[in-house]
Amino acid sequence: MSPRWRKVTRDFWQERMRSGLVVAAIALGIAAFSAVLSSYAILDRELNQGYLATNPASFTIRTDAVDRELLEAVGAQPGVQSVEARRAVSGRLKAGPAQWRSVLLFVVKDFADIKVSTIAPETGAWPPGTGEILIERDAFQVAKTRIGQTVTVKLPRGEDQTLRVSGGVHDVGQAQARMENVVYGYITLQTLASLGEEPFLDQLKILVSGDRFDPVHIAEVAADVRKLLENRGRPVRRVDVPDPGKHPHADLMGMLLLAISSFGLLVLGLSGVLVVNLLTALMASQVRQIGMMKAIGGTRSQIAQIYFGQALLLGVAAVAIALPVGILGGRALCLYLSGFLNFDMTSFAVPVWVYLLVALVGLVTPLLAASYPVLKGSGISVWEALSDFGVADRGFGSGVLDRALAGVGGVARPLLLAIRNSFRRRTRLVLTLLTLSVGGLFFMSALNIRTSMINTLDHLFASRRFDLSVSLGTMAPLESIERAVAKTPGAVRSEGWIATEGFVVSAAGSASAQSSGAAGLHGGQEGAGGGHSAAGPAPARFAVLGVQPGTKLLKLEISEGRDLLPEDVDALVANTALAARYPQIRVGQSVVLGMGPAESTWRVVGIAREAFLLPWAMCRAPTSSARAGTCAWPTRFGWGSFSRTPRRSTGFEKRWIKTFKERESGRFRRAVMPRAASDSTSTC
Amino acid sequence: MLIELQSLNKTYKTEAGSFSALRGVDLTIGAGEFVAVVGKSGSGKSTLLNLVGGIDRPTSGSVSVGGTAIQGMSENDLAIWRGGNVGLVFQFFQLLPTLTVLENVMLPMDFRGTLPPADRRPRALSLLDRVGVVEQANKLPQALSGGQQQRVAIARALANDPPVILADEPTGNLDSATAKDVLGLFRGLASAGTTVIIATHERDIASVIDRTVHLVDGVVVR
Ligand SMILES: Nc1ncnc2c1ncn2[C@@H]1O[C@H](COP(=O)(O)OP(=O)(O)OP(=O)(O)O)[C@@H](O)[C@H]1O
Ligand SMILES: [Mg+2]
């Protein structure tokens, strides 16, 4: 082995922890993939072989009583290879004290001479005598009976009749009886008569001569036979032409396999991400080695080869593990599906192309995933790689997770060390997984970010002094809500608030549209976001809460400056998270906020300490008369909050919400009980 | 091999502004010469060696090694060129940690592909024998002492029998006795016709070297 390959294998072994995880991930994907692929290959062969062996009818025509003369006429029709009369009758069946089940009785004239859609004897007697019934092997469990026992059968027009179960058969053409919850029974014409039915057969099962798999040909023959029947004055009730040569449930099987294979592909894709990660990390940690190899004459492609070798090794290891597992899994899958589809496996032989395809996918996936980091990493210049100014090794302690782990307290030191050590190499891996899941979560929550921003206020105020807050769907006159609250017994105090969202207008941004703060709050309910149209990225929005002056329902912990005073007009209190984000939000300074369609200037009077991380600001709800004189306070409000006596039970609040909703259903949107111990939100 | 440097300038751009590490260096070094580049820390010794070895590129001026002007070559061509023409030795040995000593020495031959694969191992062993560490051939580098590792690095630099050896403070991490041995090795190489350039802080080297190039703030003096 050349030194280059030695390096590949040794590095692989040195990184065995991490490589192992990646191999496991790839192997999982490959195993699922090969299980599906091999079972598909096996089942496709076996299912159709077994099915074709029964000479399945090319089509079935339903008419009325078939006689010998008709059978012969159809049999003599060109294109018809064989024809056979059958009948299927549905009824009910019961074994002993068990429940009634649906039964589908197939009536066969001569069990010794079945040519089309054959059934095979399995156990017990063959053919059934008069007063006897054969049962499909899978249907015994549905019927809850055994050979030698008797069952009661009732057909729509007949009386209850007792039949003896004399044997079991295998009917490949039927779906699994257990799945369908139907008993398949096979009887003679005489037995049918004893069940109170007219003893005739009404189906013609026809197998075409010539190409049995040509749908056009089959349709032609079917049309001919139909004409023949019609010419003889026979009714044609139905013509069924199944997909030629295809088991009726092959599609179902295909769908099941597709579901499993998509799981395999998903895992394979995910493992690709891990490969990218592993190789990026590996190459970053080996920058100096790469530089050294270049210094002693290694070209970019030679160095890339080494790391592609690494990826290849991952693939080889994964395929080596996954192929046997996958083939075994494929067998299990075949057994399961063959039971499900009620046919017998004769051979588990896997075609060679399956092995080849699996190996190809297993080797190509990691190579493909590795191509970006490898080509990028091997392209670094010698000087960059060798100088201290190049990419430095990032040791333990630089990642977010590392720091989080470093912060884990209260654990015995050796254990902590062990945890840190085991995470050292896996940080990236864990981070990847975290990123992936967080990314998904983020995407979903982003869709709903505006709603959630306002909702946050419901949940996260640490300083709330109320038991229930009710959100209204639209702005509503305060008096009417106060009336509604007063009429709903139990509330001690209520206040109307406005919740909206705003953003800080940067110093350079347009300040022309300035108006009073109150106007901003007014417009802010639903039309938010329509106003500010400065170029560049959308400004970060935060929640703004307008409260009644001198609110008794919210007591903030002021860390700097002061709380809102009843006489304040353009005063604003921000929480620490908001102040941390904007340098202009400092006590004593002014800030221009965009709210709704307007911008307005506010004086920052205080900073409130808050445990949660989302920024918000609080100001007085519109008292426009004091500022611009355009609208009288308070005209409308978005939130109602109230508190009641200390005796608490969620039941009480639920009843209150119910009463309130009956009164104000048009406006009610959602109620939140911030202080209830469990299940604090009741969304309506 | 003849090395010719003509009006060589190297300017580094840093956040604090640009910095001239080499200024107007003109230098000719003959085949089989053993040259020591000396000067204070930061005077430009490593920079000079890096330019000669094609590891770094001059801002202006030309570098010609054995008649080949290397300043215009691509990264990849430079790597190939280095593989056959220059052996590099560094202060911190820079052996690949997951390869054995023997494999480290075989690696340049593997990259260059000059010898038939079957001949590489015997050649690597004979090189290790020449530098006196053949007993360590199958160990990993970390199992060797600093002096032993530096000998391996020298053997590796010799793997493709290059006409030029560049060594940046090859004795910087060694005790004085070991340093003397290593310098002796270079002396032997130079006497056998290899051009050897070392950057060094060693004092008592006058007896082993042929010539001293003195750098002061990026300028060759005397
Ligand atoms: N990548 C770089 N970017 C900016 N400045 C650099 C860079 N590499 C070297 N220098 C500067 O160039 C000057 C010469 O550096 P060089 O490494 O050649 O010195 P030296 O003589 O080898 O010193 P020492 O004896 O400490 O190794 C130094 O002042 C150094 O700070
Ligand atoms: Mg130096």
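Let's start inside the protein, at the largest cavity: 13 residues line it, and those nearest its centre are Pro56(A), Ala57(A), Ser58(A), Pro244(A) and Gly245(A). Please keep in mind that we are looking at a predicted model. What is the volume of this largest cavity? About 90 Å³. For anyone wondering about the approach, rolling a probe the size of a water molecule over the atoms shows where empty space is left.

Now, on to the place where the two chains meet. Here 26 residues of chain A touch 25 residues of chain B. Together, chain A and chain B bury about 2400 Å² between them, and carbon and sulfur atoms account for 63% of that area. Which three residues supply more than any others on the chain A side? They are Pro3(A), Ile296(A) and Trp383(A), with 27% of the area that chain A buries against chain B.

There is charge pairing here too: 3 salt bridges cross the interface of chain A and chain B. Let me show you a salt bridge between side chains, Arg6(A) with Glu103(B), at 2.7 Å from N to O.

Last, a word on cysteines. How many disulfides turn up over all chains? The search of the whole structure gives 0. Are Cys334(A) and Cys619(A) buried or exposed? Cys334(A) counts as buried because its relative accessibility is 0%, under the 20% cut-off. Cys619(A) is likewise buried, since its relative accessible area is 0%.

Key
Residues are numbered from 1 along each chain as its sequence is written. Chains are lettered from A and ligands numbered from 1 in the order in which they are written. This is a predicted model: local features need pLDDT of at least 70, side-chain atom pairs count only at pLDDT 80 or more; totals for chains, interfaces and linings use all residues. Side-chain values use heavy atoms; hydrogens and water are left out. A disulfide is a pair of cysteine sulfur atoms within 2.5 Å. Buried means under 20% relative accessible area, exposed over 50%, partly exposed in between (1.4 Å probe, protein chains only). On a 1 Å grid over the protein atoms alone, a cavity is a set of points where a 1.4 Å probe fits but cannot get out, and a pocket is an open set with protein on both sides within 12 Å along at least five of seven lines; lining residues have an atom within 4 Å of a point. Grid points are joined across faces, edges and corners, and a volume is the space filled by probe spheres set on the points. Contact means heavy atoms within 4.5 Å. Buried area is the accessible area (1.4 Å probe) that two parts lose on being put together, summed over both. A salt bridge is a side-chain nitrogen of Lys or Arg within 4 Å of a carboxyl oxygen of Asp or Glu.
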